[in-house]
Every structure is written in C-alpha cells, then in structure tokens.
Amino acid sequence: GEGVLTADSDSPVAAKDIRITEQAAPVVSFNKAVDKPTGVNPNSTEDKLVTYTLSLHNTETEGETGLALENPIVIDALPLGMNYLGYTAEVTKYADGSEGESELTEGTAVNLVDPDSGRRNIVISFAGDLLPGEVLTVTLKTEVTGQALAYGYTLQNLAYATSGKTL
C-alpha cells in the first residue's frame, strides 16, 4: 500500500510529505547442499568431482495473495581452484516433490570470471515466474583442481538467489 509520512511541525526541518510505497515481493527460502563436505582430492578422478544442489522455494500460498518470483536468478560464486562443468535444473510444484506445471523456461547459464580475484560466478537466469509453492532446484557440477591447494584447505562456496524483475 501507500502512505504519506509528514514531518513533525516542531521539527527544525521544514515539514515535507514523503511518499512511501510498499514493494510487493514473495517470501522465498534458499538452501544449498554439497555432496562432499569433506574428502575432496584434486588428484583423484572420482574425489575431485563436487556437486552443489541449490533449492529456491517460493513459500507463498497459492491464491489471490500468493506472489510469484519473477525471472528468478541463481548465482553461485565458486571458490578459487574449482572448475564449472555444467548444470541441470528442475521445477517441482510442491516442496514434497509432487510434479506440476511451471511457467519457467529453461535457464541460461553464464560463467563470469572476476578479473580481479579470478573467482568464477555462475549466473543462471530463468524467464517466467516461480509460482507460489514451486521449488526450483539447480544442480551444479564442479571439479576441484590442483590450484585449490594454493588457496588453503577450506573451499568456501557462496550462493545467492534474486529476481530479474526490473522495477
């Protein structure tokens, strides 16, 4: 909704009307899981592969008040010493895994490398709406390289979700 905030007349600042407009946004949850929290070995064919699962859940309730997340974007900032191998994406209608129709189209992935840090940012953009109750699950395949050892023994992976909606 909208409201008008008026400065107090006893204030040393001249009274001004300030228009406040509430932005409507859905309530979402975002989780990240990794298949190998320990035991990664860049010198092993099998143990150097790491899978990240990112889940974006629109927790809004279906109905007149349930808001969609427009044009969702999932971003994964891979640690230094990790290569991006690809991704898969799936939308389920409800958190319990039951299937449903989705308005989302297949995502577009961009592998951006920060020129200053060398860190890879995987940005996956989807067109359409993540409807109330839907869960978007993105699975990223990565591999740890020998360079990872130069950055320490802990690889910190950060992930974010946002909307591509322009205001």
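This is a predicted model: local features need pLDDT of at least 70, side-chain atom pairs count only at pLDDT 80 or more; totals for chains, interfaces and linings use all residues.

Start by selecting Thr-142, which sits in strand E11; strands (E, at least two residues) and helices (H or I, at least four) are DSSP runs, numbered from the N terminus. Is Thr-142 buried or exposed? Thr-142 is buried, with a relative accessible area of 1%. Here buried means under 20% relative accessible area, exposed means over 50%, and partly exposed is in between, using a 1.4 Å probe on protein chains only. Now show what surrounds Thr-142: leaving aside neighbours within four places in sequence, Thr-142 is in contact with Lys-48, Leu-49, Val-50, Tyr-52, Leu-78, Met-82, Asn-83 and Leu-85. Contact means heavy atoms within 4.5 Å.

Residues are numbered from 1 along each chain as its sequence is written, and side-chain values use heavy atoms, with hydrogens and water left out.

Colour by pLDDT next, the predictor's confidence in each residue from 0 to 100. The protein chain averages 82, and 78% of the residues score at least 70. Among the elements, strand E6 (residues 72–77) has the highest mean at 94, while strand E1 (residues 2–6) has the lowest at 50.

Zoom out and switch to cartoon view. How many helices and strands does the protein chain have? There are zero helices and twelve strands. Of the 167 residues, 32% are buried. Among contacts between residues at least 6 apart in sequence, 70% join residues at least 24 apart.

Now for the inside. Select Ile-124, Leu-130, Leu-136, Val-138 and Leu-140: they have the most contacts inside the largest nonpolar core, which has 22 residues. Strands E4 (49–58), E7 (82–92), E9 (120–125) and E11 (135–144) each give two or more residues to this core. A nonpolar core is a set of buried Ala, Val, Leu, Ile, Met, Phe, Trp, Tyr and Cys residues joined through side-chain atoms within 4.5 Å. In soluble globular proteins, nonpolar side chains tend to be buried together. Stay on Ile-124 a moment: not counting residues up to four places away, the ones Ile-124 touches include Tyr-87, Val-138 and Leu-140.

Move to Val-34, in strand E3. Val-34 is partly exposed, with a relative accessible area of 33%. Beyond residues up to four places away, Val-34 touches Val-50, Thr-51 and Tyr-52.

Last stop: Asn-71, in the loop between strand E5 (69–70) and E6. Most residues other than glycine have a negative phi. Asn-71 is partly exposed, with a relative accessible area of 29%.
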